[in-house]
Every structure is written in C-alpha cells, then in structure tokens.
Amino acid sequence: MSSIKLSNPKRNNSNKRNKSSWFDYYAGYSPEFVEDALNYLNLSLDSVILDPWNGSGTTTQIAEDLGYRAIGYDINPVMLIVAKAKGIDNKYLKNVEEEAHELIDESHNCVIEGTNDDPLSIWLHPSSVLIFRKLEMAILNKNLVSDKGKLQKYNFESISSKVAFYYLGLFKTIKKLLFPFRSSNPTWIKRPKLTSERMKINEDEVFESFLTSMTEMVSSIGTESSKKKVKNRAIISVNTSESLPLSSNSVDAIITSPPYCTRIDYAIATVLELAILGFSSENYLTELRNKMIGTPTIIKEPIEIKKEWGTFANTFLKLVAEHESKASRSYYYKVYLQYFNSMYNSIKEINRVMKGGSYCILVVQDSYYKDILIDLSTIFSEMGESLSWRVENKISYQNKRTLASIHQDTRKYRKSSAVSESALIFQKVN
Ligand SMILES: C[S@@+](CC[C@H](N)C(=O)[O-])C[C@H]1O[C@@H](n2cnc3c(N)ncnc32)[C@H](O)[C@@H]1O
C-alpha cells in the first residue's frame, strides 16, 4: 500500500467540472475522493468494486470510468436513475439539445389514458400532469440501448444511461416548477390541502424548463470526449444492503458512505422524483421509508441489542434511553436501535461478499443526539473488529454542514454546526 492522501469527501462543485452537479444530493461524496481511494488501493482492472449504498452513483461512475467492474446498490429507485444517468457517454452530450427538442415534438403524438390517480396530481392540475406523462412516454420510447426494445414503465433496472439522463431532466424540471411547495426544511415538500391549490403549468413552461435543465447539465461538464477507459458497464440496481445478491468472497473492494444517523428522511426528500417515476402511493412511501437505514419511522418488529455492535453503540443506546428529554425512551431510542441493527446486518453482508484480504473504505459522519455524540467512526470500527476487520487507517476531515443543524433540538443543545467526517480504511483479515 502506498502513502495515504485522500481528497475531502465533501462535494465541491465549484472548482471542477463533474457530474455531481447534476443532482444536488446532500448525502453524496466527491468524485475526487473515490478516485483517490481507487488509486490508493491500486487494484488490477479486473477487480470488482462494490458500493452497497451507491446513492447518486459517485463510486460506480468513477470506478467505471477508470475501467473497473463496478456494482452499486441503493434502496431508493430515484438513486438508481441518478446513478445510471452518470454512466452516459460524453459523446451523446453534443446532441442533447436537438434530441430534447425531438422528445418534445414526439410527446405531442403520445396518447395517455387517465391521470386522476397519478402521484403527480397531488401537486399538479391534471392537464399539467398530462404534459409530463407524454414527455415521459417519449423518453421511455427512446430506450434503444438494450435489445429489450421499449422499456416497460416501473422496470427501471433495464433503463439505459441515456434514458436515465433524460429522466434526470424531468426530475430537475419538476423540482424547479414546484418550487412554491418547498419549505424551510430542504427535505420536505408541502402538499396542497385543496385540489384547487394544485398548480396549473402550461406546455411552454414545462418544455422550456426541461430544455434548460438538459442544457444546464451538458454545459456543467462540457462536451469534450472524456478520458474514460470503460471496459465494463457498471451494474446498478435497487437492493437492500442487508441482503446482497452476490456470491460470498466475490468483491475486491468496497468504497461507500453508509446512510447517516441524523434522522433525515431520504425517502421524503425525493418524493417529487418518486412521483415522476410513478411511485408515490402512501403504501409505497411507507414501505420505502421502513426499508431505509436511518429512517425516522418505527418498524413494529422487536429488536434485541447485540454485544457485537460494540461498547460505544451499547453505551450510547443506554444514554439515549435514560436521557431526560421528551420521547427519548419511547421514540428516539427505537430509532437508534433500528439503525444499529440494520447497520450491523449490512456490515455482516458486506463482510460475506468481500474476498479475504480485501479493503473496505467507509466515509462516516459523526452526529449528535441532543448533547450525546454519535461517534460513528468508533461504532463502525467496533463492528468491523467483531468481524475480524483490521483498521488500516483513519483520516479525519472537519466540514461545515448546514443540514446537520436542520433539527431545532440540535441548535438548542449545541452552538456549532461543524461536523467531523472520517474515511475509515478496513482490511478483511483472511
Ligand atoms: C450517504 S448516502 C450515499 C451517497 C453516495 N456516496 C453518493 O455519492 O451519492 C447513503 C445511501 O444509502 C441508501 N440506503 C438507505 N438504506 C438503504 C438500504 N437498506 N439498502 C441500500 N441502500 C440504502 C440511501 O438511499 C442513500 O442514498
């Protein structure tokens, strides 16, 4: 192993042209970090790189671009689309504007039946929903990359990068146009109480916003040919980290950042994008939220504390249960219990699929419950040790994050919103 120098995982779109500006994912880390991590590991190009919490697809994009065999999973279908879009070949970008105009023209010929129970109609007047759905149909009809022909809606696993890229344009369009439903909490989109409060947006507004979104994405990275060495397309799909569809001892390296432990609701934060994908029934949302690690929802099944979670996690749970503040025992204790349980199940799964001697690089962020520190780097180190992982290195970064302080109670208990982020490098001992 060479000496250690890994860029800050915090995203910084200002100084480099990269695809992370395409989707403003506050949970995302920087492409530079992944590139440095891969250079540090110095693996042969036939190596399999896995990200079990792939999010916006930073790991899969960089690993694919550098020529590795990349696999990325995420439980949220929105993130599958974002991650796939990043795999688009730069050579297609030159024609995006022309193609976007074609899609708009073709949407006029698309026929859609009924939009009443469409999730978009929570916010939009049915006539506006129809404009979006016709444009979506024109996009879906372009899924020509695979031999499977036209894409079936909801079968997003087989979506091409190009179609995913146009979906990203739809995501941006809906977010821009539904701006009036934003609230002070950036993860929360308000819902109109009365159907009469739904927005009526005309064709010109939708099309103009779509065209602008597409051209903004292209100009954010330019259309020069990339130095990609793509040999293998990344495998990207929707899956839980608690049960990975991979054989034991099959992965050469993991580079990832686990879901935060800050009670931020990732499913709700992507509710508009989920609506574009057609997935917003209350049942679906509840199911997705329940499957997400770090969810603020409480799942009914009882969970037993395990000593393998480590001393820190066990002590932390005891402190939360005994904390004087309201709902500590009745609610927050359960939230953290779920988090540690799902996280440990995932770490065990990751350990199963890793080859002996391989590396796992985790980017973790500390947070607080009221005044109690949740030292995730110690918690993960202890979980790793219980599986015989060796801590090879730990690099700490100090970042200023605004989202860490969105909860009112955080502001009450602590003055600073600075958070400590660490990159932990583990090796699975044979
Ligand atoms: C910190 S983010 C990863 C961000 C990623 N590194 C990037 O650059 O965009 C963690 C991700 O874990 C996903 N997640 C939450 N629970 C999951 C689960 N049970 N299985 C798989 N993914 C899950 C969330 O949807 C989120 O995208």
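Reply: Let's begin with a term: a polar contact is a pair of N or O atoms within 3.5 Å, and within protein one must be able to donate a hydrogen and the other to accept it, while residues adjacent in sequence count only if both atoms are side-chain atoms. The model is predicted, so local features need pLDDT of at least 70 and side-chain atom pairs 80 or more, while totals for chains, interfaces and linings use all residues. Residues are numbered from 1 along each chain, and side-chain values use heavy atoms, without hydrogens or water.

Now to the ligand. Around it stand 21 residues, with Y25, S56, T58, D74 and I293 the closest; to count, a residue needs a heavy atom within 4 Å. This shell has 10 nonpolar, 9 polar and 2 charged residues. Here Asp, Glu, Lys and Arg are charged, Ala, Val, Leu, Ile, Met, Phe, Trp, Tyr, Cys and Pro nonpolar, and the others, Gly among them, polar.

D74 has a side-chain N or O atom 2.7 Å from an oxygen atom of the ligand. Y29 brings a backbone N or O atom to 3.0 Å from a ligand oxygen, and a polar side-chain atom of S257 is 3.2 Å from a ligand nitrogen. The protein covers 100% of the 610 Å² of accessible area that the ligand has on its own (Shrake-Rupley method, 1.4 Å probe).

The ligand takes up the space of the largest cavity, meaning more than half of its atoms lie within 2 Å of the grid points. A cavity is a set of points on a 1 Å grid, over the protein atoms alone, where a 1.4 Å probe fits but cannot get out; lining residues have an atom within 4 Å of a point. The volume of the largest cavity is about 320 Å³, the space filled by probe spheres set on points joined across faces, edges and corners. Among its 25 lining residues, Y25, W53, G55, D74 and P259 are closest to the centre.

Methods. 1 Å grid on protein atoms, 1.4 Å probe; cavity = no way out; pocket = protein on both sides within 12 Å on 5 of 7 lines; lining within 4 Å.
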